[in-house]
Amino acid sequence: MIEGKQKQAERKAMVAEVEAEVAATCDYLGKRRLDSKVAEAMAKVRRHRFVPAVNQRHAYENRPQPIGHGQTISQPYMVAIMTDLAKIEPASRVLEIGTGCGYQTAILAELADRVYSIEIVPELANPAAARLRDLGYANVEVRCGDGALGWAEHAPFDAIIVTAAAWQRIPPALTAQLAPGGRLVIPVDRSVSAARFPYLDQNQELMLVTKDKEGRLAERNVLPVAFVPLVERSADPAA
Ligand code: SAH
């Protein structure tokens with residue numbers, strides 16, 4: 001099919017752009033190239049199926065896109081490096097917080113044994129679950145709810161990826177639900193102001209948290225990022 005070939009070429013070009021950005025940011029990432037399995041997954045997943053109809057012609061550009069409800073589909077580079085940092089293996093059980101349109105979920109589903117994904121906006125969670133089903137991802141479960149609390153029923157997880165910025169600190173439920181040897185990738189907003197306007201007055205860092213075999217946590221700042229805020233209603237003791 002001609003359309004299929006064209007999309008494949010667009011995906012290839014997108015992966016090349018992502019690789020170039022990985023090389024340009026290698027000092028932050030500590031590596032010059034994506035893991036080949038991550039690059040393959042990026043070249044395979046049909047990103048245009050996750051982007052709203054009006055933005056179809058931009059689907060393979062290396063930038064985020066609006067998906068409605070004030071939310072976005074993440075930039076391909078960001079999806080790629082978060083997946084790479086999480087070191088997903090074929091046997092991994094993965095938790096994703098912030099399903100959105102389900103694009104990152106699909107990338108994870110290509111690499112992992114099982115992916116559990118939580119989205120707080122029902123108008124996004126339901127279509128994302130249907131889309132992932134339609135695309136044949138049978139190893140994915142999407143739930144509508146507050147991901148800041150994790151998903152205790154399916155814990156522990158070998159990897160947790162959070163695609164919205166936590167306020168000041170890493171939600172304790174997430175580190176608790178990380179398996180020994182597990183990896184948590186999460187943007188944390190350290191701005192001093194209490195006013196949380198996305199893209200304004202923000203000071204976010206992507207963080208990698210690792211748990212060793214004895215259960216000890218270690219964290220490192222990877223690079224500055226810009227994510228929508230993680231809603232943490234239920235974590236607020238005053239709520
Ligand atoms: N993973 C998506 C990015 C989605 S943007 C992708 O591949 O493009 C972040 C998403 O996090 C938004 O859809 C937002 O509604 C959701 N979100 C914010 N706070 C949340 C919470 N506490 N629990 C679950 N989802 C949350």
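**Notes on the cysteines and the ligand site**

1. A quick start with the cysteines: there are zero disulfides in this structure. Cys101 takes part in none, and its nearest cysteine sulfur, in Cys144, is 15 Å away. Please keep in mind as you read on that this is a predicted model.

2. Now to the ligand. Its shell is made up of 26 residues, and Ser74, Gly98, Glu119, Gly147 and Val231 are the closest of them.

3. Which elements supply at least two residues of the shell around the ligand? They are strand S2 (71-73), strand S3 (93-97), helix H5 (103-111) and strand S4 (114-119). S2 contributes the most, with three residues.

4. A polar backbone atom of Val231 is 2.6 Å from a ligand nitrogen, and a polar backbone atom of Gly147 is 2.8 Å from a ligand nitrogen. With Thr163 the side chain is involved: one of its N or O atoms is 3.1 Å from a nitrogen atom of the ligand. As for cover, the ligand taken alone exposes 580 Å², and the protein buries 99% of that.

Note on methods. Residues numbered from 1 in each chain as written. Predicted model: local features only at pLDDT ≥ 70, side-chain atom pairs only at ≥ 80, totals over all residues. Heavy atoms only, no water. Disulfide = S-S within 2.5 Å. Near = heavy atom within 4 Å. Polar contact = N/O pair within 3.5 Å; in protein donor to acceptor, adjacent residues only side chain to side chain. Areas by Shrake-Rupley, 256 points an atom, 1.4 Å probe, with all protein chains shown as cover. Helix = DSSP H or I, 4+ residues; strand = E, 2+ residues; numbered from the N terminus.
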